[in-house]
Each structure stands twice: as structure tokens, then as C-alpha cells.
Amino acid sequence: MPGISDLRAWWAGRSPAAGAAVMATGILSVGLHMTGDEAVSRVVLALACVAWAALAAEFALRLVGERQRWATEAESPGALTSVAATTVLGTRISALGLQTLAEALLALAALLWPVLLFMVVRRWGPRMPGAVFLCCVATEGIAVLAATLAEAERAAWLAHTALVLFWLGLVLYGLALVHFDARQVLEGPGDHWIAGGALAISALAGANLLIAGDSGMYLWNDDDRGVLRTVTVALLVLDLGCYVVLLAAEAARPRPGYHVLRWATVFPMGMTAVATLSVATVFSVPWLDWPGRVLLWAAVAVWLAVAAGALLAARADGRGG
């Protein structure tokens, strides 16, 4: 096992995209809660909270003491994992009934989102890696958490805000797709899976908006609800199709070995499972439940493999230093 000095050395050189580890861990906790595996879900949530706190502390310290490094990292697409990770954590915390804490996380994500989104998007160029889709993931993450809290707090304004962000996220997905280098599907080190994860979190946002609309609040008319239902289903179908393509590409062009961007593979896998389970519930399609569970445990297995790789990498980096 790596020692404390090994972990510190590894942490000091971490990529801004390391926030994907919190996203991956947090979404697994959400999925495990949905399948009734509450004890395991809470253990995983605790891991996500510890990792998020460490990332938040590092974010603040660099903002205060290493502003040049902070600015450089904030311009990389991976910086948006800080927003997405915060919203995923907030969504799971809301399920615990801790709405005030979840609201605080929503406020923090909403504060960071426009700043980081502007800094990232202005640096976009041609042939971007899969992390380019984090602009959509971060935006839809806020929509998911806002819709979740709208249902919990019966706050119509939050639901309407979430709906605006839902559509904005889809626009950002289209823009990201134009800049995405399709060769990454066969060559990417792991973050190319975010192309599917962005569709999954968009489908989840749509499902949560439908749940909020069924909570007794009048949010939109039947025509608007029909459009939202259609788009949500279409997003899930596209996500599942993307999942199959990405899985086939991994089989055709294996990329063994640990890479920090493999956390960005776990997150879309877990998010696809959660989106599938949510759509199964919202649309009363019970046969979708078992594929959602299979996808969830596949994500858990990959999480364990990536976590083992991270520990080995931390130990190796510590010895190398």
C-alpha cells in the first residue's frame, strides 16, 4: 500500500481532470441508492465526500497561493469536473434529506459554472479530446441538482431554471460535438467516454424534470411535457447506442493500463446506469430496471479496477520521487 508521502507526491502532480474520480464515485453512490444497496451506497458516498473535500481545499489553496497555475488549469476542459462533481455530490446528499447542504452545493456549482465555462470554451480548438463534452456535463449537472431540489422543496422557479439549463446543455453538446476529434473513440485514453456520459446526464436531467412536474406543481402544459418526455427517451436511446459503440471500440483497440482519465470512463458508465434506472421509474418501464442494474455493477467493477490502478500509480510516483 502507498504511504502518506507517496499519496502527497501523487496529489501534487494531479491533473485538473482528477475531479472525474469524485464524479465517478458520487454517481455510483446515487445508483446504489436507487437499487436499494443503501449501506454500500453510503460507504461510497463517504469516499466521494472525502475526495471532494480534498479537491475543494486544493482548488482554494491554488486560487490564493498559485494563481498562475490555477488560471492555467482553469482553462483546461477538465476544470469543469469541479462543477460536475459538486452537483453529483449534491444530488446524492439531497436523497439523504439534507436539503440545506444540497442547496449550498448547488449555489457553489452555480457560482463556479459561468466562470469556468467561459475560460474553457474560449480555449476550444479543432480536434478536441472527449473532455470537451464536460461543458454539457457541468451544465446538465446543475440542471439535475436544481430539478432534484425543485421536487424536494416544491420550488417551481428552480424547476424552470433547470429546464433552461437542460436545453442549454443540449446546445453545448452540439457545439462540443463539432469540436470533438472522432479519432479519440479509437485512440482516447478514457475521457472519450464523456461523449456518452453527457447524453446520459442530459437524459437524467429530463427524467428529474418530469419527476418535479409530477410532484403537484404546475410547471408546463401537456404539449411541453410531451416534448420533454420524447427528448428524454431519445437521449437515453442515443446514450445506450453510444455506450455500445464505445465498448466495441475498446474491444477493437484495447487500451490497457492505468490512466487518470479512466475515471472519465467510469463516470459515463455509472451515469448511463442511473439514467436507465431513472427512465425506467419515470416512464413505468420495469423491464429497463435489470439492464440498469447490470450497467451499474459493470461500472462498479471498472471503478474497482481504476481505483486499484490509481493506488499503484500513487505508489510508483512516490517511489520515483
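**Helix packing and two contrasting residues**

In this predicted model, helix α2 (residues 19-34) and helix α5 (residues 81-95) pack at an angle of about 20°, and their axes are 8 Å apart. Axes here are lines fitted to C-alpha atoms, for helices over the stretch in contact, and angles run from 0 to 180 degrees between N-to-C directions; helices are DSSP runs of H or I with at least four residues, numbered from the N terminus. Residues are numbered from 1 along each chain as its sequence is written. Local features need pLDDT of at least 70 and side-chain atom pairs count only at pLDDT 80 or more, while totals for chains, interfaces and linings use all residues, and side-chain values use heavy atoms, with hydrogens and water left out.

The helices α2 and α5 are therefore roughly parallel to each other, a term for angles under 35 degrees, whereas angles over 145 count as roughly antiparallel, 65 to 115 as roughly perpendicular and the rest as oblique. Their crossing is left-handed, meaning that the near helix is turned anticlockwise from the far one by less than a right angle. Contact, defined as heavy atoms within 4.5 Å, involves Gly19, Ala20, Val22, Met23, Gly26, Ile27, Ser29, Val30 and His33 on the α2 side, and Thr81, Ala84, Ala85, Val88, Arg92 and Ala95 on the α5 side. These residues comprise 9 nonpolar, 5 polar and 1 charged, where Ala, Val, Leu, Ile, Met, Phe, Trp, Tyr, Cys and Pro count as nonpolar, Asp, Glu, Lys and Arg as charged, and the others, Gly among them, as polar.

Helix α4 (residues 67-74) packs against helix α6 (residues 99-121) at an angle of about 75°, with the two axes 9 Å apart, which makes α4 roughly perpendicular to α6. Trp70, Ala71 and Ala74 of α4 meet Leu116, Met119 and Val120 of α6, and this contact consists of 6 nonpolar residues, with no polar and no charged ones.

Buried means under 20% relative accessible area, exposed over 50% and partly exposed in between, with a 1.4 Å probe and protein chains only. When residues up to four places away in sequence are not counted, Glu250 touches His192, Trp193, Arg255 and Arg262. With the side chain of Trp193, the side chain of Glu250 makes a polar contact at 2.9 Å, that is, a pair of N or O atoms within 3.5 Å, of which, within protein, one must be able to donate a hydrogen and the other to accept it, and residues adjacent in sequence count only if both atoms are side-chain atoms. Tyr218, found in the loop between α10 (194-213) and α11, is exposed, with a relative accessible area of 66%.
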